[in-house]
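Here are my notes on this model, as numbered points. Please read them alongside the coordinates.

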Amino acid sequence: MFCLLFLSLLCTFSSVLSQWIDYPDDGLATLTHYTLPSGYIASCGCTSASTNYPTAALSQMAYGSSTSYGTFQSVNIAVRLSYDTSGPACGRCFNLTLLNPVIATPPFHPSVTKSIVVKVTDLCPLSETGWCSGTTSKPNSAGAYLNFDLAYPSQAVPNDFFPSDEALYGYTDFGVWNITYQSVPCLDDWAGSRNLAALGSVQDLGLGACCPADPSPGNASSICPSFSEQNGIPCVPDFFPQRINLILRL
């Protein structure tokens with residue numbers, strides 16, 4: 001009783017309903033990159049082996065879940081609160097093709113076209129001005145509503161994936177790229193589809209994990225649910241750091 005009362009006091013609910021971006025299966029976006037340790041279990045709860053292959057986080061309003069909401073479950077005599085939240089984008093695969101850097105003076109136009117197929121395993125949190133700030137009414141500063149955050153550097157991505165001209169610019173990493181994206185079937189196109197250990201979600205996370213092997217946008221039964229104030233999922237307080245688990249002993 002004490003534990004449940006404590007949880008109810010911690011939870012706060014937003015009065016503003018989330019408006020997720022209903023994006024087409026192909027279009028324009030921006031691409032950034034971030035460090036994801038090998039074997040790390042990200043927001044979707046995909047298996048640790050998925051990190052051995054190309055993965056990415058997707059901007060929150062396209063990902064489709066709120067970081068203020070998560071799941072709680074009874075584990076013997078403890079209650080486990082998980083700040084990680086899966087969403088409808090989890091498990092989907094996209095072919096990302098580099099166009100040109102968002103910031104480069106003079107403008108840089110690569111002589112080769114680079115593409116990579118990634119699986120969405122993580123969420124890039126909404127912010128006011130960052131590259132994952134796109135909403136239904138406002139794109140990010142590059143004019144894109146979607147941003148893919150590639151897990152890179154990674155053994156799954158070639159070191160020379162991002163074209164550069166160090167002699168001209170004095171550096172090799174432009175940071176942010178304009179790209180095209182195209183939704184593709186994971187089992188046909190994602191490198192990790194040939195390794196069963198890289199498919200699916202971590203079972204020990206229960207309802208807090210959802211990572212379909214080959215989700216189909218046209219098949220609702222294969223898409224992960226949205227965690228938000230719209231469907232009554234229990235919340236996790238805003239002051240908890242992202243991806244932290246709290247164990248409350250009864």
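1. Terms for strands come before the pairings. Two strands pair if DSSP finds at least two bridges between them. Strands (E, at least two residues) and helices (H or I, at least four) are DSSP runs, numbered from the N terminus.

2. This is a predicted model: local features need pLDDT of at least 70, side-chain atom pairs count only at pLDDT 80 or more, and totals for chains, interfaces and linings use all residues. Residues are numbered from 1 along each chain as its sequence is written, and side-chain values use heavy atoms, with hydrogens and water left out.

3. The barrel. Six strands close it, in the order β1-β7-β2-β6-β5-β8, with mixed pairing.

4. Strand β8 and its partners. β8 (residues 177-184) pairs with β5 (residues 93-101) in the antiparallel sense, over eight bridges. There, Phe 94 stands opposite Ser 183 of β8. β1 (residues 26-34) also pairs with β8 in the antiparallel sense, over six bridges. Ala 29 faces Ile 179 of β8 as its opposite residue.

5. The largest nonpolar core has 37 residues. Such a core is a set of buried Ala, Val, Leu, Ile, Met, Phe, Trp, Tyr and Cys residues joined through side-chain atoms within 4.5 Å; buried means under 20% relative accessible area (1.4 Å probe, protein chains only). Tyr 23, Leu 31, Leu 96, Leu 146 and Phe 148 touch the most other members. The largest share, four residues, comes from β6.

6. Leu 31. Beyond its neighbours within four places in sequence, Leu 31 is in contact (heavy atoms within 4.5 Å) with residues including Leu 96, Phe 148, Trp 177 and Ile 179.

Key. Buried < 20%, exposed > 50% of the residue type's maximum accessible area, 1.4 Å probe, protein only.
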